[in-house]
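Subject: Structure handover

Hello,

Here is the structure for you to open. My notes on what was found in it follow below.

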Amino acid sequence: MSIRETILAYADRQDAVYRQIALDIHAHPEVSNYEFFACERLSRQLTEEGFQVTVDVAGHRTGFAASYQSARPGPVLVFLAEYDALTGLGHGCGHNLFGATSCLAASALRQVIDQTGGEVRVYGTPGEEGGENGSAKGSFVREGFFRDVDAALCVHPGDRHKASGKNIACLPVDIEFWGKSAHAAAAPEQGINALDALILTYNGINALRQHLPKDAMIHGIVTHGGEAPNIVPAYAAAKFYFRAATVPRLEAVAEKVGRIVEGAARMTGATGSMQPYQNRVDNMVPTLSFDAVYGKELALLGHRMDPADEGCGIGSSDVGNVSQVVPTIQPTICITDGPTPWHSEASKAAAKSEKGLASIALGAKALALTALDLIEDPALLKQIKQEHQQAVANQ
């Protein structure tokens, strides 16, 4: 049996195991920093597959790093695994499939890595949807987990097979003000109104929108506005997302909003603060030749990959953080019979449908064979790395 045939046969043999894992995770939806069931389920399976697994890594208690290293030299390839759910909805983004697919891909490649040389890893990265200690890939990058990595691979559930596309950077922040409480009728002059400062900030951001680049967006909510109408609010808070096509533009937006916060504090006498409440999410940098390898392997498996959509998508994903430092692919794999709104009951149902479950083995095969191509063709890997470096420099 050839190396390729070994990978394909193993993915088919383990298909039922990973389908059940995906269904189990779908039935136990967990949000960022609380993916205990999913983390244990995936990391235990990888341990059984022969990987060395460490849980609680990069500052994320529900993150893991799994590795299997051949005695022969070769590239280090990482499969990225997501497994968090959406608050109040569950697995409406298909991350139950995402994590299972990446782990099966890594396990299939592990069957041949002793022959080919190199190292195969899986990074379990919590909180892609954001939330408490969310967007873990930023932590993995910051803590050096990609320092010796040659390339990263994953595939995301979607409504068609489509190449990796651009998405936008995002910075989630808490904006808070502290003032001084007082009786709103009897002694208002003794109070400092934190809510007034927050409202000035909100209105200032609205005024700023006219002067933002076309690819920049700001949206937010007030999370605390006071305790009672007859008490001058001593504390007020809001959460905002800043988004832009690139990190430098995102930082420029954040700087402008920071000045608004400072101005509102000066105007009211309150103390203001603007701080990120999770990792910044960087924009995705596609490497076209890397996606082309995946597209070729998908075609050999009987499926056609559409090109990425034109321009920059309006969503954000921390896979962008990884793409800033190593060549990365995240194409989409079809799990529906037509266009489907994501983060919805329809996409949640698709994530446990027969078509959704069938995507696990298909995606795992395409990813594992793509990784094999990079191992067996050092010139191809070198070309992809050079293209990636140029794409990062030109963004």
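I start with one side-chain pair. The side chain of Asp24 makes a polar contact with the side chain of Arg41, at 3.2 Å. (A polar contact is a pair of N or O atoms within 3.5 Å; within protein, one must be able to donate a hydrogen and the other to accept it, and residues adjacent in sequence count only if both atoms are side-chain atoms.) Asp24 sits in helix α2, residues 15-27. Leaving out residues up to four places away in sequence, Asp24 touches Phe37 and Arg41. Contact means heavy atoms within 4.5 Å.

Some ground rules. This is a predicted model, where local features need pLDDT of at least 70 and side-chain atom pairs count only at pLDDT 80 or more, while totals for chains, interfaces and linings use all residues. Residues are numbered from 1 along each chain as its sequence is written, and side-chain values use heavy atoms, with hydrogens and water left out. Helices (H or I, at least four residues) and strands (E, at least two) are DSSP runs, numbered from the N terminus.

Now the sheet. It is open, with six strands in the order β1-β2-β4-β3-β5-β11 and mixed pairing. Strands pair if DSSP finds at least two bridges between them. β1 (52-57) and β11 (328-329) are the edge strands, each with a single partner, so one side of each has no neighbour in the sheet. Helix α3 (residues 36-48) packs on the sheet and touches β1, β2 (60-69) and β4 (119-124). The direction of α3 makes about 15° with that of β2. (Axes are lines fitted to C-alpha atoms, for helices over the stretch in contact; angles run from 0 to 180 degrees between N-to-C directions.)

β1 and β2 are antiparallel, over five bridges. Val53 stands opposite Ala66 in β2. Their hairpin has two residues between the strands, and Ala58 takes a positive phi near 55° there.

Leu153 faces Ile329 in β11. Helix α11 (residues 354-376) lies across β3 (76-81), β5 and β11, at about 160° to β3.

Last, a helix pair. The axes of α1 (residues 3-13) and α4 (residues 95-116) come within 9 Å and cross at roughly 150°. The two are therefore roughly antiparallel, the term for angles over 145 degrees. Residues of α1 in the contact include Ile3 and Tyr10; those of α4 include Leu104 and Val112.

Best wishes

Terms used. Angles under 35 degrees count as roughly parallel, over 145 as roughly antiparallel, 65 to 115 as roughly perpendicular and the rest as oblique.
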